[in-house]
Amino acid sequence: MCGIMGYIGHRDALPILLDGLRRLEYRGYDSAGVAVLGNGHIEVRKAAGKLARLTEVAQTAGLLGSVGIGHTRWATHGLPTDQNAHPHSDCTGSVVVIHNGIIENFLSLKEALVARGHTFRSDTDTEVLAHLIEEALAAGAGVPLEEAVRRAVAQASGAYAIVVLCSDQPDRIVAVRQISPLIIGLGRDETILASDIPALLAHTRDVLIIEDGELAVLTRRGATIQTLDGAPVRKAPVRITWDAEMAEKGGYAHFMLKEIHEQPRALQETMMGRLDAEGRVELDGVAYTDEQIRALQKVWVTACGTAYHAGLFGRWLIEHWAKLPVEPDLASELRYRDPLITPQTLTVAISQSGETADTLAAVREARTRGSRILAVTNVVGSTLAREADDVLYVRAGPEIAVASSKAYITMLAAQAMLALDLGRRRETITPPRAAALIQQLKALPAKAQEVLNREDVVRRLAERLAAADHVFYIGRGLDYAAAMEGSLKLKEISYVHSEALAAGELKHGTLALVTKGTPVFALVTQRHVYEKTLSNIQEVKARGGDVIAVAYDGDEEITKYAGTVLRIPRTDDMLAPVLAIIPLQLLAYHVARLRGNDIDQPRNLAKSVTVE
Ligand code: AGP
């Protein structure tokens, strides 16, 4: 999730680019760069770290010109260094490219380009585009930049937005959108491009929203849009009425709600380029060998809070598909006992930030006992990523709300891929079963969107629950893992006391707290324990509890047991938590909103807990 800026007009480009990048800071970044075209020559400046560093470097260099592009990077390929920061150039320095997203086939493209004599200066996937455009421009005299870009992107697969500048064609900027967002602002004798609206509002409120598969040519006088096949696209400008704060949140009232709604796209990015139709999984950053995996005797999963709940899901999948015993362990507990971790153990450490002190301490403890460490994290170059042997990035993009949503859901998808990979390498899952699961995984983003489209039902339910003092969540198996996360979400932002229980445990004590009207969420997606959970629901109903079920579409039986049913589309039961958590996240959000709480920064909590 990077920030993109482009400017072509009559003013100095540099201050406009830097100001736009600053307004995109909330998207998170680890490095930044600008390229300015003046006097037929492109000057590039880049810097890892804070934007202030780039500002200093670029201002000292005194880059002059009224055409330019700028970028803040959230690393996906290659560490956050000056070298890997965008823009990236071709061999001649006359083409520069910035990019948001992932080029899935960059390795094979890079190999072919190197074989044809191109020199690469970074570890990024982006740089292949600069060299492909260089080749397309060299193919004949007078090839327009847009045509060269079209030929280059025809060879690339993935999800991206790219912006290209060429010193030989200084009257234009070319941009292509393939899934990642791009917006063009129309000013007076100037045209501005950004990955998000807040970066444009200081200059104009009239924008063109570029759609997937469209290419835009920006000039000082405006922009023309065409499809990637060259067919012209006509679109009317849209007037933006949001204030600056609303714009940062994409029009949502809170970052948390925005992040909940970003989940379909986040899931898509997690899986991008890692799964194929034959049931194979290709996990970039994971370097273990078949021999190492076959020698494993146990997997330890360690994490805190929401990441731990994600680990409980991973435990089920690894046990089921890879037939390896899995021990989930809260990171804050692991190091204070004598965990039987050995060199035949794989320790999977899960952390959105990759900086949680408890998780890092647990990892170091596992390391001293000889375990290989596999990190599942969202932050490239984080301490956890640096200390691990294997890193599986979840690619959720920056998560700003303290309460985790999209990081959790992408941790689930990442672990599903990990469990499939372990199962394939250990030959404990058949290729047809793996292929069927991959189909189900790939269908999850669209199904997640269907759940989000039903937000109104949850909003109404929240009105009924906003005054509750205690709420319980029950489920068996994977439903229990999802129930724990649903309960934590409600607690941390609405401040309503809640507890999650394995449904069968309720009768062993906590049932004493269920009285007339006590809200009890019952998750019933696991068919092998469906009847058993219905019995537990009966126990709640017999005490007057208000049962709210989370169930599949088409499950009519449940309506005899639950007054309210939150529906999710059918999927493989092993993947159901990915969908079941969404109504529970929305419920927590709307209850917190009705109670007037500070949703993005709940009391007493921090986004990343760097103390033990
Ligand atoms: C989740 O909503 C919380 N913010 C918290 O439980 C969090 O998941 C935990 O502190 C772990 O953080 P990490 O994923 O960055 O390691």
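Q: Which residues are closest to the ligand, and how many surround it?
A: In this predicted model, 13 residues surround the ligand. The closest are Ser351, Gln352, Ser353, Thr356 and Glu492.

Q: Nice. What does lysine 489 do there, and how far is its polar side-chain atom from the ligand?
A: A polar side-chain atom of lysine 489 sits 3.1 Å from an oxygen atom of the ligand.

Q: And the backbone? Which polar backbone atom lies 3.2 Å from a ligand oxygen?
A: That one belongs to threonine 306.

Q: How much of the ligand's area does the protein bury?
A: The protein buries 91% of the 410 Å² that the ligand exposes when taken alone.

Q: Which elements give two or more residues to the shell around the ligand?
A: Those are helix 10 (305–322) and helix 17 (478–494).

Q: OK, and which gives the most?
A: Helix 10 does, with three residues in the shell.

Q: I'm also looking at valine 376. Where is it, and is it buried or exposed?
A: Valine 376 is in strand 19 (residues 372–377). Its relative accessible area is 0%, so valine 376 counts as buried.

Q: How far is its C-alpha from that of serine 353?
A: The two C-alpha atoms are separated by 10.0 Å, and the residues are 23 apart along the chain. Ser353 is also one of the closest residues to the ligand.

Q: Switching to charges. How many salt bridges does the structure hold?
A: There are 40 salt bridges.

Q: Why would such side chains pair at all?
A: Side chains of opposite charge can pair when their charged atoms come close.

Q: Let's take aspartate 284. Which residue does it meet in a salt bridge?
A: Its partner is arginine 395, with an N to O distance of 3.4 Å. This pair links distant parts of the chain, 111 residues apart. Aspartate 284 is in the loop between helix 8 (263–271) and helix 9 (290–294), while arginine 395 is in the loop between strand 20 (390–393) and helix 14 (406–426).

Q: Are those two buried or exposed?
A: One of each kind of answer, roughly. Arginine 395 has 10% relative accessibility, so it counts as buried. Aspartate 284 has a relative accessible area of 29%, so it is partly exposed.

Q: What about arginine 172? What does its side chain meet?
A: The side chain of arginine 172 meets that of aspartate 171 in a salt bridge, at 3.1 Å from N to O. Arginine 172 counts as buried because its relative accessibility is 17%, whereas aspartate 171, at 37%, counts as partly exposed.

Q: And arginine 454, which residue is its partner?
A: Glutamate 450, with the closest N and O atoms 3.4 Å apart. Arginine 454 is partly exposed, with a relative accessible area of 25%, and glutamate 450 is also partly exposed, at 34%.

Q: Which residues are linked in a network of salt bridges?
A: Asp290, Arg294, Asp421 and Arg425 are linked that way.

Q: Aromatics next. How many aromatic pairs does the structure hold?
A: One. Tyrosine 473 and phenylalanine 521 are stacked, 4.9 Å centre to centre with 10° between the planes. They link distant parts of the chain, 48 residues apart: tyrosine 473 is in strand 21 (residues 470–475) and phenylalanine 521 in strand 23 (residues 519–523). Both residues are buried.

Q: Which residue lies over the face of tyrosine 495?
A: Arginine 603 does, at 3.8 Å from the ring centre.

How values were computed. Residues numbered from 1 in each chain as written. Predicted model: local features only at pLDDT ≥ 70, side-chain atom pairs only at ≥ 80, totals over all residues. Heavy atoms only, no water. Salt bridge = Lys/Arg side-chain N within 4 Å of Asp/Glu carboxyl O. Buried < 20%, exposed > 50% of the residue type's maximum accessible area, 1.4 Å probe, protein only. Helix = DSSP H or I, 4+ residues; strand = E, 2+ residues; numbered from the N terminus. Phe/Tyr/Trp six-rings, centres within 6.5 Å; stacked < 30°, edge-to-face > 60°. Lys NZ or Arg CZ within 6 Å of the ring centre and 35° of its normal. Near = heavy atom within 4 Å. Polar contact = N/O pair within 3.5 Å; in protein donor to acceptor, adjacent residues only side chain to side chain. Areas by Shrake-Rupley, 256 points an atom, 1.4 Å probe, with all protein chains shown as cover.
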